[in-house]
Amino acid sequence: MAVPTMSGIYEIVNLANGKRYIGSAVSIDRRWREHLRHLRAGKHKNRYLQAAWLKYGEGAFAFRVLAEHAVADLIAQEQRPASSTLVA
């Protein structure tokens, strides 16, 4: 029996300056692997994230799942202000 894929909202945090890339994915695990592959190859679609990756190095970044959501709710939840999706 296959393990269900987690869908939801995630962030990639630059630990050196606190800047964040927030995204949503039907499969968070698969999306993280895609981000890593593109960043490591120097071909990420977000030029600011790619530039920071090259400047600070892979060790300066953390990947965090912010919330799990049903696939139908992903885009609406991703567009909410960060303060309303984070729990302190």
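Reader: To begin with the layout, in what order do the elements of the protein chain run from the N terminus on?

Author: The order is β-β-α-α-β-α-α, which gives four helices and three strands in the protein chain. Helices (H or I, at least four residues) and strands (E, at least two) are DSSP runs, numbered from the N terminus. This is a predicted model, in which local features need pLDDT of at least 70 and side-chain atom pairs count only at pLDDT 80 or more, while totals for chains, interfaces and linings use all residues. Residues are numbered from 1 along each chain as its sequence is written, and side-chain values use heavy atoms, with hydrogens and water left out.

The largest pocket holds about 240 Å³ of space. A pocket is an open set of points on a 1 Å grid over the protein atoms alone, where a 1.4 Å probe fits and protein lies on both sides within 12 Å along at least five of seven lines; lining residues have an atom within 4 Å of a point. The volume is the space filled by probe spheres set on the points, which are joined across faces, edges and corners. Of the 15 lining residues, N14, K19, Y48, L49 and A52 are the closest to the centre of the largest pocket.

Strand 1 (8–14), strand 2 (20–25) and helix 2 each give at least two residues to this lining. Helix 2 has the largest share, six residues. By class, the lining has nine nonpolar, three polar and three charged residues. Here Ala, Val, Leu, Ile, Met, Phe, Trp, Tyr, Cys and Pro count as nonpolar, Asp, Glu, Lys and Arg as charged, and the others, Gly among them, as polar.

Helix 2 (residues 47–56) also packs against helix 1 (residues 28–41), at an angle of about 65° and with the axes 9 Å apart. Axes are lines fitted to C-alpha atoms, for helices over the stretch in contact, and angles run from 0 to 180 degrees between N-to-C directions. L36, H38, L39 and R40 of helix 1 meet L49, Q50 and W53 of helix 2, contact meaning heavy atoms within 4.5 Å. Four of these residues are nonpolar, two polar and one charged.
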